[in-house]
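Q: Could you walk me through reading a pocket lining, and then the overall fold around it?
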Amino acid sequence: MTSLSEQSSQHGQSPQHGRSPQHEPGTPGGGPPEPARRTAAAGPSRLPAPLALLRPGQWPKNVLVVPLPLLGADLAWDMAARIAVAMAAFVLASSLVYVVNDLADVERDRRHPVKRHRPLAAGRITPRAAVALAALLAALLVPLLAASGPGVAAPVLLYLAVNAAYSWKLKHLPLLDVFVVATGFVLRLLGGYGASGRPLSAWLVLTVLTLCLVLIVGKRRHELGVAGSGHRPALVGYSAHFLDLVLVLCSGLTVVGYLLYLRTESGFETGALLTAPLALFALFRYLQIVVVHAEGGNPVRTLLRDRAMLATAALWAALLLTFQLT
């Protein structure tokens with residue numbers, strides 16, 4: 001795959017003497033493509049400020065990842081109820097993390113073309129009110145964790161600890177920043193396993209980790225093009241070409257992990273391998289969105305609003321459900 005940042009030269013000529021080098025989106029002389037400009041021009045949320053601070057648009061992360069251990073399982077109402085409690089716990093925990101992160105990054109967010117519209121950065125809610133909201137979330141989370149048991153409480157508490165370290169230091173360190181965020185999704189998956197009581201699937205863990213790295217690296221690539229490295233210090237350790245290589249590597253590992261999960265640990269029959277082309281198409285489509293269209297700044301919005309991705313996901317889910325019921 002050819003990077004958008006790759007500079008072309010012909011017959012050994014250097015970029016200085018051949019054709020003019022291509023510019024990365026957002027760099028001087030190139031300018032962002034239209035999708036990036038639209039993203040940068042996005043306005044503030046229409047939700048009430050306290051609700052917008054919780055980022056309900058990101059809650060689907062918990063709804064999509066926590067129930068994954070139910071794949072191939074004999075469904076039971078008590079198991080589904082425990083999974084629902086685990087999802088609620090991660091919704092509260094992730095919302096608490098978003099509030100704390102916005103409190104810590106309010107000044108930096110004000111300099112970002114999109115994040116300046118967040119409630120704290122835009123002045124729609126005071127820091128004191130945000131602290132009170134964080135305290136309320138923590139108060140709601142404690143009894144939920146007590147009721148859910150150690151299988152859910154341990155991953156949630158570790159999720160909070162990892163994100164505290166991320167907000168304090170790790171988000172400024174290239175490579176570590178993307179792995180820490182991806183770890184949050186793995187902890188969601190572990191919480192789902194703790195709630196369901198099913199044995200852990202190592203291949204599903206690997207698949208979730210590498211898929212989340214694809215989404216996060218795609219987001220970093222978009223941020224690098226739209227706002228440069230000034231807003232997020234970790235971006236100084238990346239280039240568009242390097243991130244393209246990482247995207248290819250993680251995409252390949254995702255497909256291999258998914259196939260091995262289906263074949264060895266999922267409980268599905270061999271026919272479930274027929275979903276592999278859908279997995280490939282979904283990855284190709286996401287890479288097209290990130291690399292060709294220079295989008296992907298909000299992976300959740302991309303996954304839930306792109307028609308091709310939605311159609312693929314619907315067919316994928318229908319096939320897996322068919323194999324699970326037969």
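**Pocket and fold**

A: By class, the second largest pocket has a lining of 13 nonpolar, 1 polar and 1 charged residues. Here Ala, Val, Leu, Ile, Met, Phe, Trp, Tyr, Cys and Pro count as nonpolar, Asp, Glu, Lys and Arg as charged, and the others, Gly among them, as polar. This is a predicted model: local features need pLDDT of at least 70, side-chain atom pairs count only at pLDDT 80 or more, and totals for chains, interfaces and linings use all residues. Residues are numbered from 1 along each chain as its sequence is written, and side-chain values use heavy atoms, with hydrogens and water left out.

Q: Which residues lie nearest the centre of the second largest pocket?
A: A pocket is an open set of points on a 1 Å grid over the protein atoms alone, where a 1.4 Å probe fits, with protein on both sides within 12 Å along at least five of seven lines; lining residues have an atom within 4 Å of a point. In this case 15 residues line the pocket, and Phe-179, Leu-213, Val-246, Leu-249 and Cys-250 lie nearest its centre.

Q: Which helix gives the largest share of that lining?
A: Helices are DSSP runs (H or I, at least four residues), strands are E runs of at least two, and both are numbered from the N terminus. The largest share, 6 residues, comes from α10; α8 (176-196), α9 (202-227) and α10 (240-264) each supply at least two.

Q: How many helices and strands does the protein chain have?
A: There are 13 helices and 0 strands.
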